[in-house]
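Here are my notes for you to read alongside the model. Please keep the sequence open as you go through the points.

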Amino acid sequence: MRNLVAQRETYVPAMGLYSLARLYDPAVRLFVRERALRTGLIAKARIAPAHRVLDLGCGTATLTIMIKRAFPHAEVFGLDGDPEILGVARRKAAAARLDIRLDEAQAAGMPYAESTFDRVVSSFVFHHLSGDTQRRALQEALRVLKPGGELHVADFAVMHGGPANLASHVVGHFFGGRRRDVIPLLTMMSEVGFERVQDRGRFPTILGNVGFYSGAKPGPPNCA
Ligand SMILES: C[S@@+](CC[C@H](N)C(=O)[O-])C[C@H]1O[C@@H](n2cnc3c(N)ncnc32)[C@H](O)[C@@H]1O
């Protein structure tokens with residue numbers, strides 16, 4: 001019980017406030033070339049038609065829905081800790097008539113068995129998490145991935161300097177982010193046991209560069 005309360009206290013929802021969940025999609029459309037960014041993340045993830053894929057911190061499920069549309073035979077899951085935003089996600093998935101499973105849970109304690117997923121993808125989530133929770137979320141991602149399965153993350157890259165500070169401020173207030181220096185993620189991925197950890201490039205937005213990061217669970221590459 002105490003753990004649950006502690007998690008609630010440190011939880012940062014999509015727009016910084018649970019009640020703003022419905023404004024999230026319009027805000028993202030305003031600040032990010034969303035379709036290009038999400039298409040880029042999906043391409044990097046090299047999802048195969050029969051894969052089981054988890055969208056970690058799925059929010060309103062825009063990425064989750066894009067993945068299911070692109071790979072109709074894949075089993076696609078979304079996980080998020082905010083029931084409000086999952087409400088928006090469920091309405092969108094139902095309107096699109098897509099069979100997607102959406103689970104309310106914490107990134108640091110996922111309700112899935114070991115070696116469940118071929119891919120875990122995650123966009124704009126890690127900057128919401130404290131360093132400690134980032135590490136636990138990465139450990140959980142490693143646990144739920146199959147051997148050779150891959151984690152693919154898109155999130156704001158480290159931001160420094162005048163305009164970048166302004167961008168960090170905007171991210172902090174409108175996207176609920178808590179951190180200015182976003183994620184020494186690659187180091188942390190290696191430390192928790194990911195292999196083939198890679199910086200996969202940058203995507204410029206008016207809020208600063210978004211970085212793509214990936215790593216694999218030890219095992220033979222899992223591409224089919
Ligand atoms: C900025 S939104 C990104 C949503 C979505 N991935 C996207 O690309 O639009 C961050 C999401 O992470 C979720 N989140 C934050 N902390 C979390 C945690 N500890 N466990 C699970 N989800 C979390 C929030 O509820 C929110 O939906």
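**Notes on the fold, the core and the ligand shell**

1. Let me start with a loop: A157 sits between β5 and α7 (162-174), where helices (H or I, at least four residues) and strands (E, at least two) are DSSP runs numbered from the N terminus. A157 counts as buried because it has 21 C-beta neighbours inside 10 Å. The cut-offs here are 20 or more other C-beta atoms within 10 Å of a residue's own for buried, 12 or fewer for exposed, and partly exposed in between, with C-beta atoms placed from the backbone.

2. A word on the ground rules. This is a predicted model, in which local features need pLDDT of at least 70 and side-chain atom pairs count only at pLDDT 80 or more, while totals for chains, interfaces and linings use all residues. Residues are numbered from 1 along each chain as its sequence is written.

3. Which residue lies 30 positions along the chain from A157, with its C-alpha atom 9.3 Å away? That residue is H127, found in the loop between β4 and α6. H127 is buried too, because 24 other C-beta atoms lie within 10 Å.

4. Now the overall picture. The protein has eight helices and seven strands, and 44% of its 224 residues are buried. Take the contacts with a separation of 6 or more: 72% of them join residues 24 or more positions apart. Two residues are in contact if their C-beta atoms, placed from the backbone, lie within 7 Å.

5. The strands deserve a look. β1 and β2 run parallel and are joined by five bridges; strands pair if DSSP finds at least two bridges between them. Strand β2 (residues 75-80) is mostly covered, with five of its six residues buried.

6. β4 and β5 also run parallel, and six bridges join them. R119 stands opposite E150 in β5. As for burial, β5 is mostly covered, with nine of its 12 residues buried.

7. The C-alpha atoms of M188 and Q134 are 8.4 Å apart, although the two residues are separated by 54 positions along the chain. M188 is classed as buried because 20 other C-beta atoms lie within 10 Å.

8. On to the core. In soluble globular proteins, nonpolar side chains tend to be buried together. Here the largest nonpolar core has 55 residues, of which V53, L54, V120 and A141 touch the most other members. Such a core is a set of buried Ala, Val, Leu, Ile, Met, Phe, Trp, Tyr and Cys residues joined through C-beta atoms within 7 Å. Beyond its neighbours within four places in sequence, A141 is in contact with L56, V120 and L151.

9. Which residues come nearest to the ligand? Of the 23 around it, they are G57, G59, G81, D82 and S123; a residue is near a molecule if its C-beta atom, placed from the backbone, lies within 6 Å of it. The shell divides into 13 nonpolar, eight polar and two charged residues. In this count Ala, Val, Leu, Ile, Met, Phe, Trp, Tyr, Cys and Pro are nonpolar, Asp, Glu, Lys and Arg are charged, and the others, Gly among them, are polar.

10. Finally, two backbone angles to check. R46, in the loop between α3 (34-45) and β1, has a positive phi of about 45° although it is not a glycine. R46 counts as partly exposed because it has 16 C-beta neighbours inside 10 Å. R97, in the loop between α5 (83-95) and β3 (101-104), has a positive phi of about 55° and is not a glycine either. R97 is exposed, with 6 other C-beta atoms within 10 Å.
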